[in-house]
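Please keep the structure in view while reading.

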4 protein chains.
Amino acid sequence: MKRKFEGIFPALVTPMTSDGEVDHNALAGLIEYLITEGDVHGIIPLGSTGEFYALSDAERETVAKTSIETAAGRVPVLVGTNDSSTERVVEHSKQAESLGADGLLLAAPYYALPTHDELFSHFSAVNDAVRIPIMLYNYPGRTGVDMTPDLIVRLAELENVLYVKESSGDVTRVSEIIRRSGDRINVFCGCDCLAMESFVLGAVGWVGGIVNFLPQEHVRLFELAVQEGDLLAARDLYYRMLPALSHIENSGKYTQLVKAGCGLIGRPVGPPRGPLESASQEDVAQLKAIIETLKGSAL
Amino acid sequence: MKRKFEGIFPALVTPMTSDGEVDHNALAGLIEYLITEGDVHGIIPLGSTGEFYALSDAERETVAKTSIETAAGRVPVLVGTNDSSTERVVEHSKQAESLGADGLLLAAPYYALPTHDELFSHFSAVNDAVRIPIMLYNYPGRTGVDMTPDLIVRLAELENVLYVKESSGDVTRVSEIIRRSGDRINVFCGCDCLAMESFVLGAVGWVGGIVNFLPQEHVRLFELAVQEGDLLAARDLYYRMLPALSHIENSGKYTQLVKAGCGLIGRPVGPPRGPLESASQEDVAQLKAIIETLKGSAL
Amino acid sequence: MKRKFEGIFPALVTPMTSDGEVDHNALAGLIEYLITEGDVHGIIPLGSTGEFYALSDAERETVAKTSIETAAGRVPVLVGTNDSSTERVVEHSKQAESLGADGLLLAAPYYALPTHDELFSHFSAVNDAVRIPIMLYNYPGRTGVDMTPDLIVRLAELENVLYVKESSGDVTRVSEIIRRSGDRINVFCGCDCLAMESFVLGAVGWVGGIVNFLPQEHVRLFELAVQEGDLLAARDLYYRMLPALSHIENSGKYTQLVKAGCGLIGRPVGPPRGPLESASQEDVAQLKAIIETLKGSAL
Amino acid sequence: MKRKFEGIFPALVTPMTSDGEVDHNALAGLIEYLITEGDVHGIIPLGSTGEFYALSDAERETVAKTSIETAAGRVPVLVGTNDSSTERVVEHSKQAESLGADGLLLAAPYYALPTHDELFSHFSAVNDAVRIPIMLYNYPGRTGVDMTPDLIVRLAELENVLYVKESSGDVTRVSEIIRRSGDRINVFCGCDCLAMESFVLGAVGWVGGIVNFLPQEHVRLFELAVQEGDLLAARDLYYRMLPALSHIENSGKYTQLVKAGCGLIGRPVGPPRGPLESASQEDVAQLKAIIETLKGSAL
């Protein structure tokens, strides 16, 4: 039986110690916090915010393991298994499945600039190699490739392709995918500043990074907009969240500020790995003020 | 003494056998051809056309080795050492230097979306780790990051940053870099359809992929435009080349068609590695017709 | 007392006779239909869909007159008074006010590419010349100028600037304007494929062209989404409308298909004026099929 | 016999008196200066820099008249006759011909967003209405419409369409047009920062606004690059000019700074007309410094 994914799925940061190693204790603590105090509906290690691209293969494996073991079946774990060649994506994906992942998060292979036909072959290869659901992830700003609704609809023919995280920034993509393949594929919002819009269009969930340190707000928005259908309350909360969401999304320092935000709520996760660097003191102070306004209390 | 790079530098394809392994014999043969019959001025293994992103670390090392050994000092070898983390780029770069590379080709680390300040730190780390020249490589379409002239000028403060390959597609970048840092950094054209324009602006060379199978034409254009200053003859040759250059650049299948082109001149290099696939028969036939028109004879 | 505008405001087509003259009978008939059978909440002659840019000054005056006289106070009439110089925009605006317009629709003056400071001066001049509300209109695809939320917030300082029609295509503009100046300015959706998203964000209305021939559907969507707060029913209707909205918005022939659509519901409005031309028979047949699917019956 | 246009063609500013009227004395004086002291090869009243879009029909007529009478056959006069409807463009064009214009400068009709088929009809109508050469003008940033090389090649079938001014900003458009229709249509550079590049590709001339106050430099660049083929001297001059060209092109205040520049060389032309405003004192001081560096002497 295929588990149905819906709700708030944090793209987990990968905590690092001060000497740059993966901090598994902090990772397990963060996951525990997100599940028990944040009530999130799933977790996604090794996404963009998780800096998978800066981890070794061995580190990717241990991060997946820690995540799956800590979740311990309480919420589904989707593992990011992207890379820049088909062979490596298949390997990562098979490994994630063997470790017990409930699903995979998969953007287009980056740097290579495959055509749409080649992407169909690529995802077919992954589809054939695993038996767990695949969440496609359209993020042309990082991969150089735009997975259009036409392509998404075509990829939805593949048995395990059941979800898509839309991060193009164009919300008409969400409505077009739902309109054209709504029964076949479920859409997750992948742009923090389009969350409410995506929910009202029928998106079943939201994958983001800011949720690492603001889980209660994210979960409450999902409950209000999707489960309770209380549009006015949802809108009110959304507008309270938008200064933070918009600030971080448009900063050019998404991962850096998300890591800083974890520190601000008392769950330090260390610096990002190069080429990214820790947010400056000035950036942290600015973020702190925005979060305090949202929370209505000092951090 | 630092060797001065100028002229035609092919971004070498990485030949593959039919079962998908790197074909070192074909690679050595291609390099020998390009040097002895093509008279190219340097070679660049492990660039974008070389599918470095789809090779293992071990393969990257052996491709660099074969290239350096085959060149054997006859022309400089710049090794592409890019990756998506600073640590790995430094490692690849140190290894390339230890193998005898004459320089490095380095785009922004991909997928990570570093800020300009972070890119300065990143390239500083590479600069400090090696003693060979670095050719920056601006290709926002693949990396997601635009290395503007402002940033290039700033990076040119680093001792080993002596060259830039401009692949943004905007030729005013070439004139702006030369105008603002002309004495400090040398520009190589990185867009095949802007080669002649770049030369007349003062670019000292051209890094491309199509030169893998059209070396004589590329070298002749450089001689006419840069060395002999015969503008009219250069223009005439350029317009004869443009149907091929433009077709391949705008095809969305650059590496695929370059590999097909090598086959068309009798130097087969096998298929690209997934996610890329071999050009279709129809694509090859179309390319053949264009190349025959350029050559003025059947292939 | 300033009348509050909200709801569905058709950007009226300008009907033409077969010999290319403005057809005032058809215009009056269309307005009567929209008000009495469509229950629209206001009308806007001389917007983009009204081809104001292809009418003479005298024709603009008579179209405004016919619209105001036909509406006869039953619904507010906003008159498009845009042009490419400040002087002419002020003239058109004063004339519209003197004819009895309830408000003005005003994009940035086109072709001239004014700066944001110059736009502030421009709209200040119009603001000072009239005493009726101004609806700003951000349509960079036609005017060459992007009126960002920063500028909109600044323009909202002007006494008569009370509304903005957002047609940039980026729905985060809607939330940003509402978030930053929600008490001061009211947003109308100006992209047909973002109507529902805009409503849930707090947009108070929708200005469009397709409503010329689908008024009941547009009004019902507003009622469901804004007045009744029945999100699920609104979404269901929106998805039924989207094939038509999306087809026309992305056709590159917006005005042409809107005029064809009027013919399809039995209210022919003649051809557009050059440079636009009547939709082809093929285009009309395709549109007819889409509309019949939406209506659930043959036209 | 059709006169062949080539060389430097200033897009004339339209001088204004301090109370905002067209200043015909200043216009005649400017033209006299450009012809006798600047040695320009043609003049173009009523282009974008000439603010045609902010003039009345009567003013457009008198500006064309003054230009043609002052040129008095010494150099060809191309009159800008653009507008936003086909009917008005035809009228302006017939009038210009009857006043003695040697040719027409014609961008796509603005604001209307015609399709390529509709543009073909539009230009056919103008072509059929006159017997003088038409210079197409591709400026998508102002008109909202991109006249691609495909369309240009098609329009070149029309008898009077003999020239194209390329202002898209992409110099590969220049090479593509020349490559595909070189014998049929002559290209003028329409981006000041691409002048040298366009010349080496075979452009026969340059239409610009900065030439209003720097005619000698523009003419000398044409002589060096096109007539004398002295590439190195041309490049040297071009790099001396680029700080000014680049500053003005990227300022967002092209017409404003060109008018300011005329004042700086002792030929004041008054303010632009709203929505544009006079350059600020700070802008003028900055421009003055740049021009003095170019001239090598104080103004």
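In this predicted model, the buried residues of H11(D) are D:Thr255, D:Gln256, D:Leu257, D:Val258, D:Lys259, D:Ala260, D:Gly261 and D:Cys262. Helix H11 of chain D covers residues 254-264, and it is mostly covered, since eight of its 11 residues are buried. The partners against which these buried residues of H11(D) pack are helix H10 (231-249) and helix H12 (281-295) of chain D. After H11(D) comes D:Gly266, which has a positive phi, near 85°.

Two packed helices are described by the angle between their axes and the distance between the axes. For helix H1 (residues 24-37) and helix H2 (residues 57-71) of chain D, the axes come within 9 Å and cross at roughly 40°, and the crossing of H1(D) past H2(D) is right-handed. On the side of H1(D), the contact is made by D:His24, D:Leu27, D:Ala28, D:Ile31, D:Glu32 and D:Ile35, while H2(D) brings D:Thr62, D:Val63, D:Thr66, D:Ser67, D:Thr70 and D:Ala71. An α-helix has 3.6 residues a turn, so residues three or four places apart point the same way.

Turning to chain A, in what order do the seven strands of the open sheet lie? The order is E1-E7-E6-E5-E4-E3-E2, and the pairing is parallel. The edges are formed by strand E1 (7-10) and strand E2 (78-80) of chain A, each of which pairs on one side only, and from one strand to the next the twist averages 30°. Within this sheet, strand E5 (residues 161-166) and strand E6 (residues 186-189) of chain A pair in the parallel sense over four bridges, with A:Val164 standing opposite A:Val187 in E6(A). Helix H9 (residues 215-227) of chain A lies across E1 and strand E7 (205-208) of chain A, and it runs at about 150° to E1(A).

The remaining topic is how chains meet and how copies are related. Chain A can be laid on chain B with an RMSD of 0.0 Å by a turn of 180° and a shift of 0.0 Å along the axis, and the two copies are thus related as by a two-fold rotation axis. The same surface serves both copies, in that 100% of the contact residues of chain A recur in chain B. The residue of chain A that comes closest to the rotation axis is A:Gly144, at 3.4 Å (C-alpha).

The contact between these two chains takes 28 residues from chain A and 28 residues from chain B. On the side of chain A that touches chain B, helix H3 (86-99), helix H4 (116-129) and helix H5 (140-143) of chain A each supply at least two residues, and the largest share, five residues, comes from H4(A). In another contact, 18 residues of chain C meet 18 residues of chain A. Here helix H7 (172-181), helix H8 (195-201) and helix H10 (231-249) of chain C each supply at least two residues of the side of chain C that touches chain A, and H10(C) gives the largest share of that side, five residues.

| Contact of H1(D) with H2(D) | six residues | five residues | one residue |

Note on methods. Residues are numbered from 1 along each chain as its sequence is written. Chains are lettered from A and ligands numbered from 1 in the order in which they are written. This is a predicted model: local features need pLDDT of at least 70, side-chain atom pairs count only at pLDDT 80 or more; totals for chains, interfaces and linings use all residues. Copies are superposed by least squares on the C-alpha atoms of residues with pLDDT of at least 70 in both. Two residues are in contact if their C-beta atoms, placed from the backbone, lie within 7 Å. A residue is buried if 20 or more other C-beta atoms lie within 10 Å of its own, exposed if 12 or fewer, and partly exposed in between; C-beta atoms are placed from the backbone. Axes are lines fitted to C-alpha atoms, for helices over the stretch in contact, and angles run from 0 to 180 degrees between N-to-C directions. A crossing is left-handed if the near helix is turned anticlockwise from the far one by less than a right angle, and right-handed if clockwise. Ala, Val, Leu, Ile, Met, Phe, Trp, Tyr, Cys and Pro count as nonpolar, Asp, Glu, Lys and Arg as charged, and the others, Gly among them, as polar. Two strands pair if DSSP finds at least two bridges between them.
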